[in-house]
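This report looks at how aromatic rings pair with one another and with charged side chains. The sequence and structure are shown first.

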Amino acid sequence: MAAMLVPMAGLAGSAVDTARLYLVKVRLQQACDAGVLAGRKAMISSPNNLYDSNAQAQAASFFTNNFTSGWMTTNNVSFSASPTSDNQLAGTASATVPMALMGMFGIAPSALTVNCTARYDTADTDVMFVLDNTGSMACPPNQPDSCGQPTLSYTRPDGTTGYYVQPASGSRIAALQSAVMTFYDTVASTMDPSSHIRYGFVTYTSTVNAGGAVTSLSPDYIVNNWTYDTRTPAPSPSGDVNNGSSSSVTTSGVSQTTCNNQAGRSPASGYNAGTATVYTTSWNSNGSKCTVTTQPVRMSWIYGYQSLDTSQLKLGNTITDPTKITGAQVKWQGCLEERDTTVSSTFDPTNPTPDIDPDLVPTSDSTRWRPMWPDVIYARNGVSGNITKSGSGPPVGDTAAPGNSSTGYYAYADTKLTYLSSGFMVCGKPVSRIKPMSRSDVSNYVYASDFVPWGGTYHDTGMIWGLRLISPTGLFASDTTAWPNRNPPNRYIVFMTDGNMATNSSIYGMWGWEQYDKRTTGGTLNGDTVHNARFLATCQEAKNRNVTIFVVSVKTAPDANLNACASSGSAYFATDAASLTAAFQTIAKQVAMLRLSQ
C-alpha cells in the first residue's frame with residue numbers, strides 16, 4: 001500500500017488538475033465569446049462601424065465580468081480583440097493555471113489560450129417596403145395634413161400626365177426618402193460576401209400601380225372586357241338631338257330622283273365628329289320644286305354601366321377613347337381594379353376573398369384584375385340604370401363639360417372639374433418586385449420623378465400588394481425563393497404611413513367608384529370600417545406566411561388597426577425626420593443578426 005500511494009496520488013492529482021484545466025478553458029471561452037459579442041454589437045453605434053474606444057471598453061468589460069483573474073488561482077489573464085477585413089471581431093483570451101496537485105511532481109503551470117470571433121451580419125433576407133405616398137406626405141411632420149402646398153402637374157416616365165402636391169421644406173416624404181437610404185446603409189454595413197438581401201417597393205394611396213408586375217407574368221391575368229360606369233352614343237337616328245335652327249331652300253326644275261338623292265346626313269360619321277347635318281327633302285310636281293330642309297344635330301349619350309374592350313389597353317397600347325367625340329388618345333397608366341370581393345367587415349382566414357388572397361391564380365374574370373380607366377368614367381344623377389342626357393350645347397364630357405348638380409353628368413377624368421388634379425383618382429409610381437438592389441438602385445427608386453405625394457390614404461391597398469409581391473407561395477414566389485443551397489430567406493414588410501385610414505366614396509380606386517359601385521361598402525358607404533377590416537385580414541395573411549410586419553407611423557400615432565397589423569413589438573411612432581430615421585435604423589438592426597462565427 002505504501003508503494004502504491006505515490007502512483008495513486010499522481011493519478012488522482014492528474015484527474016483533479018485536468019478537470020480544473022477543462023473548467024477554466026470552458027469559462028475562458030465563454031468570456032472570450034461574451035467579449036467579442038459585446039464589442040461587435042458596440043461597433044454598430046460607432047459612426048463608421050469601427051472598433052473604437054467605446055467598443056473596446058464594452059468588450060473588455062464583458063470579458064472581465066465573465067472571467068475574473070484569480071478564479072481557480074489563475075493568473076496572467078489577458079484578452080484582446082481586433083476587427084477583421086470582413087466585418088468580424090476576432091478575439092484571443094489566455095490565462096495561466098497553476099497545478100493544484102501535480103505541482104508536487106514538478107509539473108509546471110499550464111497556459112491556456114482560446115480564440116473567438118463574432119459576426120454581426122444579415123441572414124438571407126427579403127424586405128418589402130410599403131410606403132405611404134399620399135398628399136399629406138408633402139407637409140412637414142409638425143404641420144397639419146393640409147399645409148397649403150400647390151398642386152402641380154408633371155410628365156410621367158410613360159409620357160402620360162400626372163399630378164402631385166409640391167413638397168414643403170422638411171416634408172414627410174423627404175424624411176421618408178432619407179430614412180429608406182439609412183435603412184439600406186445600416187443593413188449593408190452588416191453584410192459579408194455570404195449574405196443575400198433583396199428589396200421590393202410598393203407605393204400606395206387609394207390605388208397601387210401594379211399592372212406592370214402582373215403583365216410581366218401573364219397578360220391573361222387581366223380581363224379583355226370590363227364593365228365601367230361610362231357612356232355610349234345613343235343609336236342613330238333616334239339619338240339625334242337638334243343642335244340649332246333648321247333652314248329650308250326650295251329649287252324649281254328638279255327631278256324627283258335628283259331631289260330625293262339629296263336626303264341624308266353630312267358628314268356620314270357625324271357621331272365621330274360630334275355634330276352632323278341632317279338633310280330631308282320634299283318634291284312637288286307642280287313646277288318640279290324640291291325643298292331641302294337642313295337641320296344641325298348632335299349625338300345623345302346613354303349613361304350607365306357598359307362593357308368596354310380592354311384587350312389593347314392592358315397591353316400598354318395607345319387607343320382611341322370610345323367615350324369622346326374628339327378622337328382623344330389614351331394610354332393605361334398601370335393601376336388595377338381589384339378582383340371580386342364581398343361586402344363585409346369580417347373575413348374567413350381559411351377562405352379569403354379573391355381580393356385578399358395573395359396566392360390566388362387568376363382563372364376567370366372574377367379572379368382577374370381589371371384596368372383602371374378614369375378617362376371613360378362618368379358621373380351621373382342616378383346610381384343605377386341607363387340615363388339619357390340630351391339637349392343643346394357642347395357634347396357632355398368633352399370640351400365644355402358641365403359639372404353642376406342640375407345636369408350631373410361629367411367625365412371623371414376631365415381636368416376642368418379637378419377630379420384628377422384633386423387626387424380623387426391617383427395612379428402613382430409602379431411597384432418594384434423583390435430583387436437584389438444596389439444602393440444606387442434604391443436611391444433611384446425613392447428619388448425618382450414619380451415618387452411624389454398625391455391622393456388619399458387606403459392602407460389595405462398597400463398591404464394587399466405588398467403581401468402579394470413577397471408571399472412565398474403566390475404568383476411572385478420565384479422572386480422570394482431561397483438562394484441555391486441556402487435556407488429560405490427571412491421575410492419582412494416595412495409599412496410606413498403618416499396617418500390613419502381616410503376613405504372617400506367619391507374616389508375611383510381599386511374597388512371602382514364606391515359611391516356608385518359599392519363593391520366593398522354595400523349601401524352604407526362606411527368606408528373606413530370595411531377597408532380597415534380588409535387591411536387587418538391581409539396583415540393576418542402575411543403573418544400566416546411567416547412574414548414579419550414592421551409598422552412606422554409619422555406625425556399621427558398608430559391607431560388600434562396599425563398596432564394590430566404590426567408583428568409583436570414592431571410598431572413605431574416618429575414625430576419628426578430624426579425619429580423616423582431612427583425607427584428605420586432600429587428596424588434595420590433587427591433585420592440583421594448578431595452571432596458567433598467561431
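## Charged ends over rings

In this predicted model, the charged end of Arg27 sits over the ring of Trp71, at 4.8 Å from the ring centre.

## Aromatic pairs

The structure holds 19 aromatic pairs. In one of them, Phe129 and Phe183 have ring centres 5.1 Å apart and planes at 80°, and the pair is therefore edge-to-face, since planes over 60 degrees apart are classed in that way. This pair links distant parts of the chain, with Phe129 in strand β4 (residues 125-132) and Phe183 in helix α3 (residues 172-188), 54 residues apart. Phe129 and Phe183 are both buried.

Phe183 also pairs with Phe584: their ring centres are 6.4 Å apart and their planes stand at 80°, so this pair, too, is edge-to-face. Here again distant parts of the chain are linked, because Phe183 belongs to helix α3 whereas Phe584 belongs to helix α12 (residues 577-591), 401 residues apart. Both partners, Phe183 and Phe584, are buried.

## The ring cluster

Which residues do ring pairs link into a cluster? The cluster consists of Phe129, Phe183, Tyr184, Tyr199, Phe201, Tyr445, Phe451 and Phe584. Within this group, Phe183 takes part in both of the edge-to-face pairs described above, with Phe129 as one partner and with Phe584 as the other.

How values were computed
Residues numbered from 1 in each chain as written. Predicted model: local features only at pLDDT ≥ 70, side-chain atom pairs only at ≥ 80, totals over all residues. Heavy atoms only, no water. Phe/Tyr/Trp six-rings, centres within 6.5 Å; stacked < 30°, edge-to-face > 60°. Helix = DSSP H or I, 4+ residues; strand = E, 2+ residues; numbered from the N terminus. Buried < 20%, exposed > 50% of the residue type's maximum accessible area, 1.4 Å probe, protein only. Lys NZ or Arg CZ within 6 Å of the ring centre and 35° of its normal.
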